[in-house]
Amino acid sequence: MKKFVVGLVFLALGCVQVNSYVKPDVDFSKIKKIAVVKFNSQVATDITILALIQRGFNVVEKEKLSESGKQSLQNEGIDAILYGSTEESRETFIREVAEVSVSLRMYDSINDKLIWSANSIKKDLSEINKNIRMMVDTIPKKEGIL
Amino acid sequence: MKKMFVLGLLLLLSFGCIRVQSYVKPDVNFSTIKKVAIVKLGPQIAVKSESSIKSDVKSEKSAFEGSASVVNDFSQIITDAISMALMQRGFDVIQRSHLKDLVQNEQSDLTEAERKALVSSGIDAIIYGNVSIFPDSSGFLGLGQIIIFSKFSLSLKMMDARTGKLIWSANMLEADREEINKVAMKVIDTISPRREAGQ
């Protein structure tokens, strides 16, 4: 029985894939259109955009943002800006193991404040799709969708 | 069963082994610091000794150059984790691009004009610092961007934008890279008691 409990604890630890935090005083129902600034990985950028669309957000992809770009974002009705980063690590001594860390952060386009952040640290590269989707799923849903 | 107990104990000990040293300036009221900007942490590669670098590396220099982007990416992931920890502890974290508009060179000391610009845009404090990675004893592989490391260290400082004074400093000498979130929270928690006490 004790072994079973220990096993369960290990299983639970292994199941924690993503870490996220939502700023509590933010009304996410107002976040409808998100600008995604291209990450250092195009694959991760595309997966994130797809997950956001499936989550019900309107998404536009941006190469990068400048101060004038920020003004145009507001003109385009963009409510939030999402940045992301990935870091890949490989171990090749015994067998090839590819792992990736992904970090996403969303800022309010009006006041520049960080309103949501999530990461997944050193997870199997083959699970990047699932992990990004899990991260995006922690963004509170806007009302009346899905 | 005995083995399981020892394994469990080792696991618990390893989780609790992140050591953070910090200093908080005693005469600063941290409850007035709300809006902070974090500068991307300067990435560094720490080499303990030349013998720790594997001999099959084509040249030490090329290995370092090839690994630069990897260390940069890792630095970005940690910077984001610290931003998340700051948000969790009630700070308003301001977008870095906003800082870039006000500061010419993020890695060098602020000029008086830059400091005033930050204050007038409502930023109370700036956090900056360094992250160092420790290549494993097996060292680098001279294969472009492939680098093997499992440990890192972190040092952070907070400057009061209103006075230009250093008001907080913390460092963590060694942790596993999987523990990024735990390290970030532990480091930021060295400020929290002062804020919660309204000091």
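Glu76(A) counts as partly exposed, because its relative accessibility is 32%, which lies between the 20% and 50% cut-offs. This is a predicted model. The side chain of Glu76(A) meets that of Lys62(A) in a salt bridge, with 2.9 Å from N to O.

The pair links distant parts of the chain. Lys62(A) sits in strand E3 of chain A. Glu76(A) lies in the loop between H3 and strand E4 (80-91) of chain A. The two are 14 residues apart.

## Lys38(A) and Glu63(A)

Lys38(A) forms a salt bridge with Glu63(A). Their closest N and O atoms are 3.6 Å apart.

Glu63(A) reaches 58%, so Glu63(A) counts as exposed.

Glu127(A) and Lys130(A) form another salt bridge, and their closest N and O atoms are 3.9 Å apart. Both partners count as partly exposed: Glu127(A) at 29% relative accessibility, Lys130(A) at 43%.

Elsewhere, salt bridges with shared partners join Lys23(A), Lys113(A) and Asp92(B) into one network. Over all chains, the count comes to 15 salt bridges. Side chains of opposite charge can pair when their charged atoms come close.

## Strand pairing in chain B

Strand E5 (residues 125-135) of chain B runs antiparallel to strand E6 (residues 149-160) of chain B. They are joined by 11 bridges. Which residue in E6(B) is the bridge partner of Tyr128(B)? The partner is Lys157(B).

E6(B) also pairs with strand E7 (residues 166-176) of chain B, in the antiparallel sense, over 8 bridges. Met158(B) has Trp168(B) as its bridge partner in E7(B). The hairpin of E6(B) and E7(B) has 5 residues between the strands. In that hairpin, Gly164(B) takes a positive phi near 80°.

How values were computed. Residues numbered from 1 in each chain as written. Chains lettered and ligands numbered in written order. Predicted model: local features only at pLDDT ≥ 70, side-chain atom pairs only at ≥ 80, totals over all residues. Heavy atoms only, no water. Salt bridge = Lys/Arg side-chain N within 4 Å of Asp/Glu carboxyl O. Buried < 20%, exposed > 50% of the residue type's maximum accessible area, 1.4 Å probe, protein only. Helix = DSSP H or I, 4+ residues; strand = E, 2+ residues; numbered from the N terminus. Pairing = 2+ DSSP bridges.
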